[in-house]
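I opened the notebook to look up a few places in one protein model. Here are the sequence and the structure I worked from.

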Amino acid sequence: MTTTTAPPVRTAPRSRLPHLVQRGATLVDRRATLTALRRRHGATFAVPLPLLGDVVVVSDPADVRTLFRSGPDVVDAQDPNLGLLLGTGSLFAQRGATHAARRRLLAPPFHGRRIATHEQIVVEATEAELAQRPLGAAFPVLPSTMRITLDVVLRAVFGAEGEDLDELREVLPRWVELGSRLFVLPVPRWDLGGRAPWGRLRVFRERYEAVLDRLVARAAEDPGSRTDVLSMLLQSRYEDGSAMSRSELGDQLLAVLAAGHETTAITLAWALERLRRHPELLTRLTAALDDGDDALLDTLLDATIAEVQRTRPVVGLVPRQVTAASLELGSVTLQRGQTLVVPVELVHGDPTVFPDPERFDPDRFLGSRPVVGEWVAFGGGSRRCIGAAFAQMEMRVVLRTLLRRHVLVPTDAPDERWRFRGVAYAPARGGEVVLLPRS
């Protein structure tokens, strides 16, 4: 009689330093801490992180591909506060079959020719904002890109205009700023009549819902002639013929705003910060403009954006949780319930994939698309950012419009440092730029 034994459980290596010391180090400089741990322990290691707890860091491209190709029966989302913040109807709070069904309903408005219908909105928002900025004087561009991306979302996604647009312009940035802080801080959920942080967040949410009620009613009156995402979602149906509930619609649209507005704006600020420090790239872009070669211009811009996202990732961690009984991943065995994180900065800085990774070089992506597992700016798999294509279009059009209307003045100033904003990493000085009129 033969007996079989289960394969040994192989745990991820970890530092012997006290957990408190490791957590403190990641709070002070997470990127440097994780880089040092990878250098010491290899591509996969365990570390305690604030908010997420004890996690296994996975940065080998092959392992990252395995994670992203695994279904929700193997790994699924791990987001301790996003569901609480955005609502149980948002994609961030849903898992398994429910998440898949909701994603299928939400995906069509964010792909293909439907995205192209919103390009003019991006052009108009960019031109309106830049017309108010000073010429010949330095200013931080991040507040401008925040206003541009907010306007694009409110008009293209919500279909807002007039007083409703003004109300959302006023309330949603405050909701995003406060929500970003509550997401990473263990603030008690006291309300205190709207005076405590979570209470203020509730008040902002109520104002948002009141405007959304009006937008839904208006879209329902004229469903045939509108192209905004809200109108499309009102007409969409699940496989059983049912429509999205009003509560879920509010959560999903808020999630689209939270996921796409700030991250896109910060990436644009980083893009301009990078372009000012690489005048040879600016020269190539200007030459494509002067020659009227729109195809070359967009190809260069797409490669530039991909390299900006590689070297200046806005969101640093992609978390997942093991849902299978166990998962063999490279050199370790993971058990159900364990949390994994894909550190974007480590994956993008792998010298075996990107030689001289600190060098900013958009030519890495000319004529080729980023490879899954090696470039993870939008996550991956069934949890990949649903608005990725929309965000790429938006960034390309904003940069194209700016370069057509203005000269971006180069600089030899040192690179701007990274500043953590609660969820995302932004240029410390807001992406300082100097613009001149383009003759």
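**Ground rules**

I am working with a predicted model, where local features need pLDDT of at least 70 and side-chain atom pairs count only at pLDDT 80 or more, while totals for chains, interfaces and linings use all residues. I count residues from 1 along each chain as its sequence is written, and side-chain values use heavy atoms, with hydrogens and water left out.

I take helices (H or I, at least four residues) and strands (E, at least two) as DSSP runs, numbered from the N terminus.

**Entry 1: the sheet**

I looked up an open sheet of five strands. Its order is S1-S2-S8-S5-S3, and the pairing is mixed. Which strands stand at the edges? Strand S1 (44-49) and S3 do, each with a single partner strand, so one side of each has no neighbour in the sheet. On average, neighbouring strands here are turned by 40 degrees against each other, direction ignored. I note the general rule too: strands of a sheet pair through backbone hydrogen bonds, either parallel or antiparallel.

Two strands count as paired if DSSP finds at least two bridges between them. S1 and strand S2 (residues 53-58) are antiparallel, over six bridges. Contact means heavy atoms within 4.5 Å.

I then checked the hairpin of S1 and S2. Three residues lie between the strands, and leucine 51 takes a positive phi near 75 degrees. On to the next pair: S2 and S8 run parallel, joined by three bridges. Valine 57 has its bridge partner in S8, valine 341.

Is S2 mostly covered or mostly open? It is mostly covered, with five of its six residues buried. Buried means under 20% relative accessible area, exposed over 50%, and partly exposed in between (1.4 Å probe, protein chains only).

Histidine 118 sits in the loop between helix H5 (113-116) and helix H6 (119-130). Why do I call histidine 118 buried? Because its relative accessible area is 1%. I left aside neighbours within four places in sequence and found histidine 118 in contact with Ala156, Thr227, Asp228, Phe390 and Met393.

Aspartate 213 belongs to helix H9 (residues 197-221). Aspartate 213 is partly exposed, at 43% relative accessible area. From aspartate 213 to glycine 250 is 37 residues in sequence and 9.1 Å in space, C-alpha to C-alpha.

Glycine 330 is in the loop between strand S6 (326-329) and strand S7 (332-335). With a relative accessible area of 48%, glycine 330 is partly exposed. Glycine 330 touches Arg10 and Asp63, not counting residues up to four places away in sequence. Valine 64 is 266 residues from glycine 330 in sequence, yet 9.9 Å from it in space, C-alpha to C-alpha.

On a 1 Å grid over the protein atoms alone, a cavity is a set of points where a 1.4 Å probe fits but cannot get out; a pocket is an open set with protein on both sides within 12 Å along at least five of seven lines; lining residues have an atom within 4 Å of a point. Grid points are joined across faces, edges and corners, and a volume is the space filled by probe spheres set on the points.

How many cavities of 30 Å³ or more does the whole structure hold? The search finds two. The largest cavity has a volume of about 70 Å³. Its lining includes Leu67, Phe68 and Arg320. Helix H2 (61-69) and strand S3 (75-77) each supply at least two lining residues.

The second largest cavity holds about 40 Å³. H7 gives the largest share of its lining, three residues.

The second largest pocket holds about 610 Å³. It is lined by 25 residues, with Arg369, Pro370, Trp375, Arg384 and Gln392 nearest its centre. H15 gives the most to this lining, five residues.

Note on methods
Axes fitted to C-alpha atoms, helices over the stretch in contact; angles between N-to-C directions.
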